[in-house]
Amino acid sequence: LFNNFTKGTVRLITESIIRASIFAVNLCGGYVHRIQGDGLMVYFGGKNIEKSQATKDALKAFSMISYFVKNDLKDYFESNE
């Protein structure tokens, strides 16, 4: 990203993806354990949650994040060029 954008723009992109990821994880029943740079350590599951359900929740959160990056974020930056 640093080859194509300014530091401020890279920061905006990174923060947008992290915030959307946190929202998706929380919405799908996950817990953000740690934020490290441009990545998240997240946890899905618990004592009363089956492993298969935790896996479904994690995949649902990832799908939401992937959709946001591929479509919404891309469209936003293309409209502001």
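1. A residue counts as buried under 20% relative accessible area, as exposed over 50%, and as partly exposed in between. Keep that scale in mind for Met-41: its relative accessibility is 41%, so Met-41 is partly exposed. Please also remember that we are looking at a predicted model.

2. Where does Met-41 sit? It belongs to strand S2. Setting aside neighbours within four places in sequence, its contacts are Tyr-31, Val-32, His-33, Arg-34 and Gln-36. Asp-75 is another matter: it comes 34 residues away along the chain, and the C-alpha atoms of Met-41 and Asp-75 are 27 Å apart.

3. Now for the hairpin itself. Strand S1 covers residues 31-36 and strand S2 covers residues 39-43; the two run antiparallel and are joined by five bridges. Within this pairing, Val-32 faces Val-42 of S2. Two residues lie between the strands, and in the turn Gly-37 has a positive phi of about 60 degrees.

4. Val-32 leads us on to the largest nonpolar core, whose six residues are Val-25, Cys-28, Val-32, Phe-44, Ala-54 and Ala-61.

5. Asp-57 is buried but has no salt bridge. The nearest side chain of opposite charge is that of Lys-60, at 4.1 Å, while a salt bridge requires the nitrogen and oxygen to be within 4 Å.

6. How many salt bridges does the count come to? One. It joins the side chains of Glu-15 and Arg-11, with an N to O distance of 3.0 Å. The two residues are four apart in helix H1, so about one helical turn separates them. Glu-15 is partly exposed because its relative accessible area is 30%, whereas Arg-11, at 57%, counts as exposed.

7. Is Ser-21 buried or exposed? Ser-21, in helix H1 (residues 7-27), has a relative accessible area of 8%, so it is buried. Leaving out residues up to four places away in sequence, Ser-21 touches Leu-40 and Ile-65.

Definitions and conventions: Residues numbered from 1 in each chain as written. Predicted model: local features only at pLDDT ≥ 70, side-chain atom pairs only at ≥ 80, totals over all residues. Heavy atoms only, no water. Pairing = 2+ DSSP bridges. Buried < 20%, exposed > 50% of the residue type's maximum accessible area, 1.4 Å probe, protein only. Contact = heavy atoms within 4.5 Å. Core = buried A, V, L, I, M, F, W, Y, C linked by side-chain atoms within 4.5 Å. Lys, Arg positive; Asp, Glu negative; His and termini not counted.
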